[in-house]
Amino acid sequence: VAADQDMAEYLEDQAVGTVGTDLFVGEMPAGTVNAMVVTQYPGAPPELTCGSNGITVDMPRFQVRVRNTTEATAISKIESAATALAKVKNQTIEGTRYRSVTVLQTPGMLERDANNRPVYAFNCEAERDV
């Protein structure tokens with residue numbers, strides 16, 4: 001399972017959003033006005049542990065974006081997501097052990113969409129056992 005799917009499920013468990021309603025994986029649905037999306041992208045090189053048969057830890061990166069009609073709500077949602085993800089340390093999420101999730105920057109304004117709605121974002125790096 002991709003890290004973005006795991007992280008969306010984790011954010012739902014942390015009451016940040018509801019998967020399939022206002023929290024999505026991969027891309028933000030055009031028809032959903034107020035939404036959060038978690039999208040995985042390539043990260044750092046995987047860890048190869050001496051004596052193993054290959055990759056033992058991978059380090060995917062993912063971006064979290066929030067779009068909302070209200071600026072204050074967009075900021076609140078993105079900050080809630082960052083706070084929740086920063087707490088991931090040595091735990092199993094959806095059957096995968098995560099050593100950690102590192103929030104790589106302070107959440108901030110990414111853009112305004114075609115309808116002038118604010119989109120806030122931040123990026124993370126996960127360390128997870130393969």
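Tutor: Start with Ser 100, which sits in strand β5 (residues 96-103). Strands are DSSP runs of E with at least two residues, helices are runs of H or I with at least four, and both are numbered from the N terminus. The model is predicted, so local features need pLDDT of at least 70, side-chain atom pairs count only at pLDDT 80 or more, and totals for chains, interfaces and linings use all residues. Residues are numbered from 1 along each chain as its sequence is written, and side-chain values use heavy atoms, with hydrogens and water left out.

Student: Why does Ser 100 count as buried?

Tutor: Its relative accessibility is 11%. Buried means under 20% relative accessible area, exposed means over 50%, and partly exposed lies in between (1.4 Å probe, protein chains only). So Ser 100 is buried.

Student: Which residues does Ser 100 touch, leaving out those up to four places away in sequence?

Tutor: Val 88, Lys 89, Glu 125, Ala 126 and Glu 127. Contact means heavy atoms within 4.5 Å.

Student: What makes Asn 90 exposed?

Tutor: Its relative accessible area is 55%. The cut-off for exposed is over 50%, so the label holds. Asn 90 lies in strand β4 (residues 89-93). Its phi is near 45°, a positive value in a residue other than glycine.

Student: And how do you know that Asn 116 is exposed?

Tutor: By its relative accessible area of 52%. Asn 116 is in the loop between β6 (108-112) and β7. Its phi is positive too, about 65°, although it is not a glycine.

Student: What makes helix α1 mostly covered?

Tutor: Count the buried residues: 8 of the 11 in α1 (residues 3-13). Among them are Met 7, Ala 8, Tyr 10 and Leu 11. Ala 15 follows α1, with a positive phi near 65°.

Student: Which residues touch the most other members of the largest nonpolar core?

Tutor: Leu 11, Phe 62, Val 64 and Leu 85, out of 26 residues. At least two residues come from each of α1, β2 (35-48), β3 (55-67), α2 (71-86), β5 and β7 (118-129). The largest share, 6 residues, is from α2. A nonpolar core is a set of buried Ala, Val, Leu, Ile, Met, Phe, Trp, Tyr and Cys residues joined through side-chain atoms within 4.5 Å. Leu 11 has contacts beyond four places in sequence that include Val 38, Ala 81, Ala 84 and Leu 85.

Student: Why can we say that the buried residues of α2 line one face?

Tutor: First, list them: Ala 74, Ile 78, Ala 81, Ala 82, Ala 84 and Leu 85. Seen down the helix axis, they fall within an arc of 165°, so they line one face of α2. The arc is that of the directions from the helix axis to the C-beta atoms. These residues pack against α1, β2, β3, β5 and β7.

Student: In which sense do β2 and β3 pair, parallel or antiparallel?

Tutor: Antiparallel, over 10 bridges. Two strands pair if DSSP finds at least two bridges between them, so 10 is enough. Leu 48 stands opposite Ile 55 in β3.

Student: How many bridges join strand β1 and β2?

Tutor: There are 3, and β1 (residues 23-25) pairs with β2 in the parallel sense. Phe 24 stands opposite Val 37 in β2.
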